[in-house]
Amino acid sequence: MEAKESRPQGFPELKNDTFLRAAWGEETDYTPVWCMRQAGRYLPEFRETRAAQDFFSTCRSPEACCELTLQPLRRFPLDAAIIFSDILVVPQWTLMTYMVEGGGSSTMSQAKRWLYQRPQASHQLLRILTDALVPYLVGQVAAGAQALQLFESHAGHLGPQLFSKFALPYIRDVSKRVKAGLQEAGLAPVPMPAEQSCLQPEICPFPQIIFAKDGHFALEELAQAGYEVVGLDWTVAPEKARERVGKTVTLQGNLDPCALYASEEEIGKLVQQMLNDFGPQRYIANLGHGLYPDMDPEHVGAFVDAVHKHSRLLRQN
């Protein structure tokens, strides 16, 4: 299958499509790699840039967002850049969990209390958030994004029953409606069948990734939720995940972020084992969650370099 590059009119030619080709399920010469939170506080230049203005002013400044997006690419040969933003810009205190909880929590008990005591109000709020997210995501593509990742960061707090009732329907709905919105905007030329992901870039030029942290109990459902890529956290064995989701989606992940505290030599060994477990194709390398602020940038570089080095060797054998 020949890759078809899609981008809004007037944007420069894409120089590296390895990430997109892997997301579409095409063969690649090496495994593409990026890191969640790669534009983050572990970089001293990030902290320096962010110190110049408050968070929301940064998110609303195209110049500041561009600078923060490009900083990790100046250091590392990453295969994807994250457009610097945050879901905090949708409602000013992130999405449902923190809207109800009022802040961080180890149990999310107040948010879950809502689900049990106010199920109708919970669904109403989730529908409102979905209605806000869909045009936001379509707008990101119209502005130049070439792939989208949806997070369900607290899947593990929900468990199978609450996840199936309160998360999965909206995860499916976001994918379906974003694809429809891209088509209406003239960005996706061929209509997509309902509840079905696509494997051809000419049909779905902007792949979508779903990452549900600690949602190992719902891998099969996530693989059928309309996304081209399913991200895995570090608690999931890659070979078991592939057995469960089949070969119709690309997998992404899933090195334990704390592995980057190990020596660079040990990082290389862990990466090699991860690549062996995932296999050489239909795979995007990443951490099993985001980078932490106290991580050594040199070790991030060692992770990226090890993925490129060992994946090329794996494809030669």
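Predicted model: local features only at pLDDT ≥ 70, side-chain atom pairs only at ≥ 80, totals over all residues.
Let me start with one word: two residues are in contact when their heavy atoms come within 4.5 Å.

Now let's step back to the whole chain. It has 317 residues, and buried residues make up 50% of them. The secondary structure comes to 12 helices and five strands. How is the accessible surface made up? It comes to about 15100 Å², and carbon and sulfur atoms account for 51% of it. One more number for the chain: take the contacts between residues at least 6 apart in sequence, and 68% of them join residues at least 24 apart.

The five strands form an open sheet, in the order 1-2-3-4-5, and the pairing is parallel. At the edges you'll find strand 1 (148-152) and strand 5 (283-287), each pairing on one side only. From one strand to the next, the twist averages 20 degrees. Helix 11, residues 264-278, packs on this sheet, where it touches strand 4 (250-255) and strand 5. The direction of helix 11 makes about 155 degrees with that of strand 4.

Strand 1 pairs with strand 2 in the parallel sense over five bridges, and leucine 148 has glutamine 208 in strand 2 as its bridge partner. Strand 2 (residues 208-212) also pairs with strand 3 (residues 229-231), again in the parallel sense, over three bridges. There, isoleucine 209 stands opposite valine 229 of strand 3.

Next, a pair of helices. Helix 6 (residues 109-117) and helix 7 (residues 119-142) pack with their axes 5 Å apart, at an angle of about 115 degrees. Angles of 65 to 115 degrees count as roughly perpendicular, so that is how helix 6 and helix 7 lie to each other. On the helix 6 side, Trp114, Leu115, Tyr116 and Gln117 make the contact; on the helix 7 side, Pro119, Ala121, Ser122 and Leu125 do.

Let me finish with two single residues. Histidine 310 sits in helix 12, residues 297-316. Why does histidine 310 count as buried? Because its relative accessible area is 15%, and buried means under 20%. Leaving aside neighbours within four places in sequence, histidine 310 is in contact with Gly268, Gln272 and Leu275.

Aspartate 17 lies in the segment before helix 1 (18-24). At 27% relative accessibility, aspartate 17 counts as partly exposed. Aspartate 17 and proline 32 are 15 residues apart in sequence, and their C-alpha atoms are 9.3 Å apart in space.

Methods. Residues numbered from 1 in each chain as written. Heavy atoms only, no water. Helix = DSSP H or I, 4+ residues; strand = E, 2+ residues; numbered from the N terminus. Buried < 20%, exposed > 50% of the residue type's maximum accessible area, 1.4 Å probe, protein only. Areas by Shrake-Rupley, 256 points an atom, 1.4 Å probe, with all protein chains shown as cover. Pairing = 2+ DSSP bridges. Axes fitted to C-alpha atoms, helices over the stretch in contact; angles between N-to-C directions. Parallel < 35°, antiparallel > 145°, perpendicular 65-115°, else oblique.
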